[in-house]
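I open this notebook to record what I looked up, entry by entry, with the cut-offs written beside the terms.

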Amino acid sequence: MINDPGAWGSDKPEYLILGFSKGSTQAGIYDNGRFEDVAFAKMRGRLSEVLKALGLISQEETVDERIADPKSKIAFGSLIRCSVSRADDKNGIYSCTGPIINKSFNEIPDVIANCSEKYLKALPRELKAVIMLGNSDQYVKAVRRLLERMFSGTYRVINDMAVWADGKVWVHTAHPSGLNGHFNTWLTSETSSGYKRIQALDAMTQITED
């Protein structure tokens, strides 16, 4: 773990975008570049497409201007604010993505619980939705267990990609990483991983209905 916490965008958001933890690219920029360039570096184009699909930014916008604007309606961060990596079982090379994300819920549950308790239990009252980047079945199940423990009194399932908790909708979308081979299918299809986009959109429409 590297203690390099950070949050970007609005200080009173209506929408919060959360990755899992900084990858090696973002952690490297944190050490050697500008703080404003850290969040979702090298994947901002795809992240823009995710937010356009959800109707959170216009077709002419990109996330760059929102990440740099403390007065916008969108904030950006990660479930674990520090950077975490894990030695690969086969060759010992440290990795920040892929299977280590799901393994983390079993291997460092206290870290995830402590970070979530600190940063997700006192979210701004203006917040309407938390967008969780990553929609693999295993990741969705792990996050749901976390939210149900934290917000047992208000937790309820909306559909396979979203829940209500703490008066907000928590919705999963495709991760914008270039390693995600299902991204374009999620963005354009009506079936397979594209159906997960439809479920995410359905959950977002319920924000104004409840």
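In which loop does Leu-79 lie? I find Leu-79 in the loop between strand 3 (74-78) and strand 4, where helices (H or I, at least four residues) and strands (E, at least two) are DSSP runs numbered from the N terminus.

**Ground rules.** I note that this is a predicted model, in which local features need pLDDT of at least 70 and side-chain atom pairs count only at pLDDT 80 or more, while totals for chains, interfaces and linings use all residues. Residues are numbered from 1 along each chain as its sequence is written, and side-chain values use heavy atoms, with hydrogens and water left out.

**Entry on Leu-79.** I looked up the accessibility of Leu-79 and found a relative accessible area of 3%, so Leu-79 is buried; buried means under 20% relative accessible area, exposed over 50%, and partly exposed in between, with a 1.4 Å probe and protein chains only. Leaving out residues up to four places away in sequence, I listed what Leu-79 touches, including Leu-18, Gly-19, Phe-20, Phe-105, Ile-112, Met-132 and Leu-146, a contact being heavy atoms within 4.5 Å. I also checked Leu-79 against Tyr-94, which is 15 residues apart from Leu-79 along the chain, and their C-alpha atoms are separated by 20 Å.

**Entry on the whole chain.** I counted eight helices and nine strands in the protein. The C-alpha trace spans about 50 × 35 × 35 Å along its principal axes. For 210 residues, a compact globule would have a radius of gyration near 17 Å, and the 16 Å of the protein agrees with that; the radius is taken over C-alpha atoms, and the globule rule is 2.2 Å times the number of residues to the power 0.38. Of the 210 residues, 51% count as buried. Among contacts between residues at least 6 apart in sequence, 66% join residues at least 24 apart.

**Entry on surface and charge.** I noted an accessible surface of about 10500 Å², of which 49% belongs to carbon and sulfur atoms; the areas come from the Shrake-Rupley method with a 1.4 Å probe, and for residues only the protein chains shown count as cover. There are 26 positive and 26 negative side chains, and the centres of the two sets lie 2 Å apart. Here Lys and Arg count as positive and Asp and Glu as negative, without His and the chain ends, and the place of a charge is NZ of Lys, CZ of Arg, CG of Asp or CD of Glu.

**Entry on aromatic rings.** Rings of Phe, Tyr and Trp (its six-membered ring) pair if their centres lie within 6.5 Å, and planes under 30 degrees apart count as stacked, over 60 as edge-to-face and the rest as tilted. By this rule I count eight aromatic pairs. Trp-8 and Phe-35 form a stacked pair, with 4.8 Å centre to centre and 20° between the planes. This pair links distant parts of the chain, with Trp-8 in strand 1 (residues 8-9) and Phe-35 in the loop between helix 1 (24-32) and helix 2 (44-53), 27 residues apart. Trp-8 is buried at a relative accessible area of 8%, whereas Phe-35 is partly exposed at 36%. I then turned to Phe-151 and Trp-170, a tilted pair with 5.8 Å centre to centre and 40° between the planes. Phe-151 is buried, with a relative accessible area of 7%, and Trp-170 is buried, with 2%. Trp-8, Tyr-30 and Phe-35 form one aromatic cluster.

**Entry on helix 4.** The buried residues of helix 4 (residues 99-107) are Ile-100, Ile-101, Asn-102, Ser-104 and Phe-105. What covers them includes strand 4 (86-87), strand 5 (94-95), helix 5 (109-120) and helix 6.

**Entry on backbone angles.** Most residues other than glycine have a negative phi. Which value did I find for phi of Lys-42? Phi of Lys-42 is near 70°, a positive value, and Lys-42 sits in the loop between helix 1 and helix 2, exposed with a relative accessible area of 75%. Phi of Asp-166 is likewise positive, near 55°; Asp-166 lies in the loop between strand 8 (162-165) and strand 9 and counts as partly exposed at 28% relative accessibility.
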